[in-house]
Amino acid sequence: MRKVIITGATSMVGSAIIEACLEKKIDRIYAIIREGCVKRERIPKDNRIIIIECDIDKYYRLPELINENCDVFYHIAWSVTGSKRNEDILGQSKNIQYTLNALDIAHKLGCKKFVGAGSQAEYGPLNIEKINENSMEKPIQPYGIAKYAAGKLGMEEAKRIGIDFFWVRIFSIYGKYDKPTTMISSTVRKILAGEKASFTKAEQKWDYLYASDAGKAFVEIGEKADGYNTYNLGSGVARPLFEYINIIKDNIDKKAIIGIGDLPYPNNAIMNLCADITRLRKDTGWKPVVNFEEGIKLFIDEVKAKWEQNERADKNLKVPLN
């Protein structure tokens, strides 16, 4: 039997990994979520999935909660994310210890492999055509610095205790359960709502990967990679942001007004962000299968369906007064 553990199981990436595991016919999936998690419904109803509520600072409880050896530990959970992720430096520093704790628990549960979620933020504003795993790491924000430290220290500890370790530096992922504040998500929602979306000149070249492809990449690493390695995860293709924006507009309303050039570029703007995925493809055989034109249609349909669901729920809550 193949058994895996996934922390951060209700995040966009965690959910995608679960879907990929089900597709791969993994026998048992331990989905670790926060205590009282309101996103619990994101986890599919499947007999192979066992949901465990355990906060990231209490992972020492996992051996007694799982109580059997597993094969792969996917560590996606990360405390302090979103808009506050670069303000809470102490919180970010704790994530380094949480990652090392998760690695220790993986070892205690007999896992042969540990696959952690890193970030392109570990490279900092390199502004080169393609970033490979040998590119210079120059993180300048607390989030990227903490991810970098967690990955480097985790790899050294994994070598010491004898468990394969893979650190996956995620570039830009979009799709099901994307946060509403991302460029793609906010643009889709504003155009659907008939609002004007404003941007910089949007000349930056960006690399976007659909969430289902990301989930499959993690699983392929857990299944096929060996040893100790860092992998960049993206589509491997970069296009100017204005191209993505126009594709979104054309799929919703070709007459929609968008303000490309309305906003100034921020300080230290990254103008080139593209992942070199050569190593990942070579070691696992994985490659993305959903291009942006296909992925954005799926995402727009998901947003529309969610809005319609919320509207129906609101109507059902409105009870007429006698």
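The model is predicted: local features need pLDDT of at least 70, side-chain atom pairs count only at pLDDT 80 or more, and totals for chains, interfaces and linings use all residues. Residues are numbered from 1 along each chain as its sequence is written, and side-chain values use heavy atoms, with hydrogens and water left out.

Helices (H or I, at least four residues) and strands (E, at least two) are DSSP runs, numbered from the N terminus. The expected span of a helix is 1.5 Å times one less than its number of residues. The two helices are set out below.

| Helix | Residues | Distance between end C-alpha atoms | Expected span |
|---|---|---|---|
| α1 | twelve residues | 17 Å | 16 Å |

A residue is buried under 20% relative accessible area, exposed over 50% and partly exposed in between (1.4 Å probe, protein chains only). Ten of the twelve residues of α1 are buried, so α1 is largely enclosed by the rest of the structure. Among them are Met-12, Ile-17, Ile-18 and Leu-22. Ten of the 14 residues of α6 are buried, so α6 is also largely enclosed by the rest of the structure; these include Asp-213, Phe-218 and Glu-220. Just after α1, Lys-25 has a positive phi of about 60°.

How do the axes of α1 and α6 cross? They come within 7 Å and cross at roughly 65°. Axes here are lines fitted to C-alpha atoms, for helices over the stretch in contact, and angles run from 0 to 180 degrees between N-to-C directions. The angle makes α1 roughly perpendicular to α6 (under 35 degrees is roughly parallel, over 145 roughly antiparallel, 65 to 115 roughly perpendicular and the rest oblique).

**A three-stranded sheet**

Three strands form an open sheet in the order β12-β9-β14, with mixed pairing. The edge strands, β12 (239–240) and β14 (272–273), each pair on one side only. Two strands pair if DSSP finds at least two bridges between them. Strand β9 (residues 205–206) pairs with β14 in the parallel sense over two bridges, and Trp-206 has Leu-273 of β14 as its bridge partner.

**Cysteines**

The whole structure contains zero disulfides, a disulfide being a pair of cysteine sulfur atoms within 2.5 Å. For Cys-54, the nearest cysteine sulfur is that of Cys-37, 13 Å away. Cys-54 counts as buried at 2% relative accessibility. For Cys-111, the nearest cysteine sulfur is that of Cys-70, 5.3 Å away. Cys-111 counts as buried at 3% relative accessibility.
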